[in-house]
Amino acid sequence: MRLAVVPDAPYVVPDAKGALGGRGVWVMPNPTCLERAAKKGGFSRSLKRQVSIDPELLRTQIQAQLERRLEGLANGARRARHAQLGAEAVQESIDRGRATALWVAEDAARRDALEAMAERLGCRLIVLGSRGWLGELFGRDLLAVVALEHEGLATAIGQVTKQLIGLRRDSDVRTGGAAAPELGSARSPKRGAIEEPEGRNEDE
């Protein structure tokens, strides 16, 4: 994760898009590495000056920026119609060979089956967020699965997801817990079927 160097405290700011010019430092985006860099002189050595950085505040800032980045990517996918929402639309996307990735909610009723299907299809798999949070991103009340039909967007979302997962502590619940994303191969998906449980929610 790139942090841009700025002249005043806190001296480094998150740069999730890599859009800020000037000097930068790089750090693994997880609480342990941020704490070590802050408390054991890593930032001071990189910046060639003594600095005091709150690792928890920095983690929160990075997480907030990554969440905004993810929201922007999700909005872009929805506006460009590169995202198919819910089981029925996802099934159609798979049948037509358009799905490049499946984004599955961590509390999806049949998460294991969806993960197994993505692996069987050779489709990228992203696991992040509760059904409520995923629905909020895409304008639904609840949403368990999304098919992404654009490889570039799927790759970008997968990268941001991986960084967000690395930053989360066990107490973080907004995006659904502490499970890690599984980023599978990018092979073209094959035809498959989503098994529908009895009494499913329409958006699941």
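Predicted model: local features only at pLDDT ≥ 70, side-chain atom pairs only at ≥ 80, totals over all residues.

Q: Which residue in S3 does Ala4 stand opposite?
A: That's Gly24.

Q: And what's the strand order in the open sheet?
A: S2-S1-S3, 3 strands with antiparallel pairing.

Q: Which strands stand at the edges?
A: Strand S2 (12-14) and strand S3 (24-26). Each has a single partner strand, so one side of each has no neighbour in the sheet.

Q: How much twist, on average, from one strand to the next?
A: The average is 35°.

Q: Which strands does H3 lie across?
A: H3 lies across S1 and S2, and its angle to S2 is about 35°.

Q: Which elements give two or more residues to its lining?
A: Helix H3 (55-79) and helix H7 (151-167). The largest share of that lining comes from H7, with 4 residues.

Q: Which residues line the largest pocket?
A: Met1, Arg2, Asp15, Ala16, Gly18, Trp26, Leu66, Arg69, Ala156, Gln159, Val160 and Gln163.

Q: How do the lining residues divide into nonpolar, polar and charged?
A: The lining of the largest pocket has 6 nonpolar, 3 polar and 3 charged residues.

Definitions and conventions: Residues numbered from 1 in each chain as written. Heavy atoms only, no water. 1 Å grid on protein atoms, 1.4 Å probe; cavity = no way out; pocket = protein on both sides within 12 Å on 5 of 7 lines; lining within 4 Å. Nonpolar A, V, L, I, M, F, W, Y, C, P; charged D, E, K, R; others polar. Pairing = 2+ DSSP bridges. Axes fitted to C-alpha atoms, helices over the stretch in contact; angles between N-to-C directions. Contact = heavy atoms within 4.5 Å.
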